[in-house]
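The structure is shown first, followed by the description.

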Amino acid sequence: MRRSIILLAAVSALCVATPAQASLLSGVLPGLVAPSDTPDACETSLSQPFLRWGDSNYYVLVPGGSFEPGTPAWKLEAGARIVGGNEPFYVRSTSDRHSLDVPAGVTVTTPPMCFALGDWHARLFATGGGTIKVKVVVKSLLGVLSVLDGGTIRGSSTWQPSPEVELLLTNVTGLLAVDSISLRFTPSAHVRIDDVYLDPIKSS
């Protein structure tokens, strides 16, 4: 099931809101100061990793999304770790050998990645029970962080591609223009995830 996230034009008011107004907005758009980390580079290598499942969209790999040695490191809460054993479809490379093991309730976060306005779909491979809660951390050019609800992915007892998580961020203008985004994943039960992708091309 697709989930939509709509960043309304009203966020522009956050910059000029009175303290009372800011308090009302803070539940939706927490005004946190972002760390200085920004994407080192924008990934431009396109592939169709989900083509065999009927998804012909082109995707880019999330930074470190293969969990192979030498790739960018994710932020892992205690208990999460990279382990041996790849998703069995080897959609990125037949030489891949690793995945991410995440206990129940533990949050893992991608490095910041480049963002362009349009429809973004996130998909990944996962195995394990329960659900995976997705959050989208949006960093503005002012360094303000907004944490948005990205919906929930249902787990599977075997390795399977997840449904699309549809990210619709619109009307991000002016001083709150988007600088980068990160994705946070928190499972309700023990899971393993691998090969995390974003579709950066606006769907027709």
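In this predicted model, Asp55 and Arg123 form a salt bridge whose closest N and O atoms are 3.0 Å apart. Asp55 sits in the loop between strand E1 (32–33) and strand E2 (60–61), while Arg123 belongs to strand E7, so the pair ties together parts that are 68 residues apart in sequence. Both Asp55 and Arg123 are buried.

A search of the whole structure finds three salt bridges. They are listed below.

| Salt bridge | Closest N to O distance |
|---|---|
| Asp55 – Arg123 | 3.0 Å |
| Asp149 – Lys133 | 3.1 Å |

The side chains of Asp149 and Lys133 join in a salt bridge at 3.1 Å. Asp149 lies in strand E8 (residues 144–161) and Lys133 in strand E7, so this pair links parts that are 16 residues apart in sequence. Asp149 has a relative accessibility of 40% and counts as partly exposed. Lys133 is also partly exposed, with a relative accessible area of 30%.

Arg92 is partly exposed because its relative accessible area, 38%, falls between the 20% and 50% limits. Asp96 is buried because its relative accessibility of 1% is under 20%.

The next topic is strand pairing around E5. Strand E5 (residues 98–102) is mostly covered, with four of its five residues buried. Strand E4 (residues 81–84) is joined to E5 by four bridges, and the two run antiparallel. Within this pairing, Val83 has Ser99 of E5 as its bridge partner. E5 is also joined to strand E11 (residues 191–199), through three bridges and again in antiparallel fashion. Here Val102 stands opposite Val191 in E11.

Where is Thr110 found? Thr110 is in the loop between strand E6 (108–109) and strand E7 (118–140). Is Thr110 buried or exposed? Thr110 counts as buried because its relative accessibility is 2%, which is under the 20% limit. Leaving aside residues up to four places away in sequence, Thr110 touches Val62, Trp74, Ser182, Leu183 and Phe185.

Key:
Residues are numbered from 1 along each chain as its sequence is written. This is a predicted model: local features need pLDDT of at least 70, side-chain atom pairs count only at pLDDT 80 or more; totals for chains, interfaces and linings use all residues. Side-chain values use heavy atoms; hydrogens and water are left out. Buried means under 20% relative accessible area, exposed over 50%, partly exposed in between (1.4 Å probe, protein chains only). Contact means heavy atoms within 4.5 Å. Two strands pair if DSSP finds at least two bridges between them. A salt bridge is a side-chain nitrogen of Lys or Arg within 4 Å of a carboxyl oxygen of Asp or Glu.
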